[in-house]
Amino acid sequence: MKILFLHGWHSVPGGMKPSFLQAQGHEVLNPALDDNDFQLAVNVAQATYDQHAPDVIVGSARGGAVAMHLRSQDTPLVLLCSAWRDHGWTDRVKPETWILHSPQDDVVAYSDSEQLLAHSGLPASRLITTGSDHRLSDPDSLNALRSLCEAINSA
């Protein structure tokens with residue numbers, strides 16, 4: 001499966017989550033996103049999407065906000081603690097969206113993900129509670145991410 005992974009603010013390509021997905025045998029596209037210019041980050045992500053046509057888009061924190069702004073037709077989105085409230089200009093996601101978030105996240109409020117689902121008219125089952133902090137780098141969260149991407153791709 002081909003995954004477009006959009007990293008968070010002050011993160012870099014090749015972090016733990018995209019490396020984990022790659023180690024599981026997936027092709028992971030992980031472009032460097034500008035930390036200071038949100039529109040430039042969206043443009044880079046859009047160009048990568050357009051060139052490679054991924055099966056799934058995963059956006060982590062600010063990368064989740066970037067993912068929400070892509071013209072990505074019906075390509076499923078997986079948002080990890082999306083920082084949509086702090087970045088960009090939309091408060092809705094498309095129907096093919098799932099969110100992983102930890103209630104103990106001290107960077108992005110868990111209630112932001114609940115509110116995003118409500119604004120988008122998506123069922124509460126699209127919010128998967130996992131992890132013990134913002135990073136979602138524990139084994140349970142990584143496996144939840146892998147399982148979700150694989151389930152979405154095989155549907």
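Visitor: Across which strands does helix α1 (residues 16–23) lie, and what angle does it make with β1?
Guide: In this predicted model, helix α1 lies across β1, β2, β3 (56–60) and β4, and runs at about 170 degrees to β1. Angles run from 0 to 180 degrees between N-to-C directions of axes fitted to C-alpha atoms, for helices over the stretch in contact, and contact means heavy atoms within 4.5 Å. Helix α5 (residues 139–154) also packs on the sheet, where it touches β1, β3, β4, β5 and β6. The direction of α5 makes about 175 degrees with that of β5.

Visitor: What is the strand order in the open sheet, and which strands stand at the edges?
Guide: The six strands follow the order β2-β1-β3-β4-β5-β6, with parallel pairing. β2 (27–29) and β6 (127–129) each have a single partner strand, so one side of each is left without a neighbour in the sheet. Direction ignored, neighbouring strands are turned by 20 degrees against each other on average. Strands (E, at least two residues) and helices (H or I, at least four) are DSSP runs, numbered from the N terminus.

Visitor: Why are F38 and W89 called an aromatic pair, and of which kind is it?
Guide: Ring centres of Phe, Tyr or Trp (its six-membered ring) must lie within 6.5 Å; planes under 30 degrees apart are stacked, over 60 edge-to-face, and the rest tilted. For F38 and W89 the centres are 5.7 Å apart and the planes make 80 degrees, so the pair is edge-to-face. A search of the whole structure finds this one aromatic pair. F38 lies in helix α2 (residues 38–52) and W89 in the loop between β4 (77–80) and β5 (97–101), so the pair ties together parts that are 51 residues apart in sequence.

Visitor: Are F38 and W89 buried or exposed?
Guide: Buried means under 20% relative accessible area and exposed over 50%, with partly exposed in between (1.4 Å probe, protein chains only). F38, at 12%, is therefore buried, whereas W89, at 59%, is exposed.

Visitor: What makes R126 a charge over the ring of W98?
Guide: CZ of Arg or NZ of Lys must be within 6 Å of the ring centre and within 35 degrees of the ring normal. The charged end of R126 sits over the ring of W98, 4.0 Å from its centre.

Visitor: Which residues touch the most other members of the largest nonpolar core?
Guide: Such a core joins buried Ala, Val, Leu, Ile, Met, Phe, Trp, Tyr and Cys residues through side-chain atoms within 4.5 Å. Of its 25 residues, L4, L6, I57, V66, L70, L79 and L116 touch the most other members. Helix α2 gives the most to this core, with five residues. A second, separate core of 18 residues includes I3, V56, L136 and L142.

Visitor: What is the phi of L136, and where does L136 lie?
Guide: Phi of L136 is near 50 degrees, a positive value in a residue other than glycine. L136 lies in the loop between β6 and α5, and is buried at 3% relative accessibility. A61, in the loop between β3 and α3, has a positive phi near 55 degrees and is buried at 10%.

Visitor: Which conventions apply to these values?
Guide: Residues are numbered from 1 along each chain as its sequence is written, and side-chain values use heavy atoms, leaving out hydrogens and water. Local features need pLDDT of at least 70 and side-chain atom pairs count only at pLDDT 80 or more, while totals for chains, interfaces and linings use all residues.

Note on methods:
Pairing = 2+ DSSP bridges.
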